[in-house]
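Please read them with the structure open.

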Amino acid sequence: MDKKHILINRKNVFLLIIIILIVMLLWLPGTFAAFLAETKAENYIDFGGVGLKIIQTSLNEQGQEETFDSKEAANIATQSVQSRIIRVKNTGSHSLYVRVQPQFKGTDCQGKQIDIASFTDYEINTSDWIYKDGWCYYLHILEPNEVSELLLDELVFDANQITTRYPGSTFDINFYAQGVQSEHQDTTNVLEVAGWPE
């Protein structure tokens, strides 16, 4: 066999290896997607049997819990403490570890983005949740169709600072949730489980 044929065979082998690697890379995201889920506000998303839904409610004037209307704006200047009850429901078919991230966004009267996290406070239910690095982790495995214990029940705003520094501003507060299957984990500590989305 001459050198030309040897080079052609090596090129064919090299091309075959590249094609196999590309096929493997295309297959991997589909595999990971079957184990992860994420959702924002009250939206629902489902990946391979893993599904989550954030449930937002509030207390009305009679102290009864009702669905929170996220489209209805509240006046922070006159209502600095607002009822907001946050829970997570497992809508999929697998048991999950769950975490939730409160997201605070603000816009001043000129349309510029402002940081409102420093003017907003809340206390989480530390019997069932733990806070770390911007996320609130549920301490229990959430079974299919199960609803978590509440994460928090109110938001407190520094109305004086907000109205003084940012008159006419608007705030947008969302709760973003992620879930990972609890099966095949090497730990029962929610802070140590593998597979959280980036």
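This is a predicted model: local features need pLDDT of at least 70, side-chain atom pairs count only at pLDDT 80 or more; totals for chains, interfaces and linings use all residues.

1. Strand E5 provides the largest share of its lining, three residues. Strand E3 (50-59), strand E4 (65-67) and E5 are the elements that each give two or more residues to that lining.

2. The second largest pocket has a volume of about 320 Å³. Its lining counts 14 residues. Nearest its centre lie Ser58, Phe68, Glu72, Gln79 and Ser83. By class, the lining of this pocket holds five nonpolar, six polar and three charged residues.

3. Now turn to the largest pocket. Lining it are 25 residues, and the closest to its centre are Ala73, Ala74, Ile76, Thr170 and Phe171. Two or more lining residues come from each of strand E5 (81-90), helix H2 (159-165) and strand E12 (170-181).

4. Which element gives the largest share of the lining of the largest pocket? It is E12, with five residues. By class, the lining of the largest pocket has twelve nonpolar, nine polar and four charged residues.

5. Ile130, Leu139 and Leu191 make a nonpolar patch of about 200 Å². Leu139 sits in the loop between strand E10 (135-138) and strand E11 (152-157).

6. Is Leu139 buried, partly exposed or exposed? Its relative accessible area is 39%, so Leu139 is partly exposed. That class lies between the cut-offs of under 20% for buried and over 50% for exposed. Patch residues need over 30%, and Leu139 has 39%.

Technical notes:
Residues are numbered from 1 along each chain as its sequence is written. Side-chain values use heavy atoms; hydrogens and water are left out. Patches are made of residues with over 30% relative accessible area and no salt bridge: like charges are joined within 9 Å, nonpolar side chains (Val, Leu, Ile, Met, Phe, Trp, Tyr) within 5 Å. Accessible areas come from the Shrake-Rupley method with a 1.4 Å probe; for residues, only the protein chains shown count as cover. A salt bridge is a side-chain nitrogen of Lys or Arg within 4 Å of a carboxyl oxygen of Asp or Glu. Helices (H or I, at least four residues) and strands (E, at least two) are DSSP runs, numbered from the N terminus. Buried means under 20% relative accessible area, exposed over 50%, partly exposed in between (1.4 Å probe, protein chains only). On a 1 Å grid over the protein atoms alone, a cavity is a set of points where a 1.4 Å probe fits but cannot get out, and a pocket is an open set with protein on both sides within 12 Å along at least five of seven lines; lining residues have an atom within 4 Å of a point. Ala, Val, Leu, Ile, Met, Phe, Trp, Tyr, Cys and Pro count as nonpolar, Asp, Glu, Lys and Arg as charged, and the others, Gly among them, as polar. Grid points are joined across faces, edges and corners, and a volume is the space filled by probe spheres set on the points.
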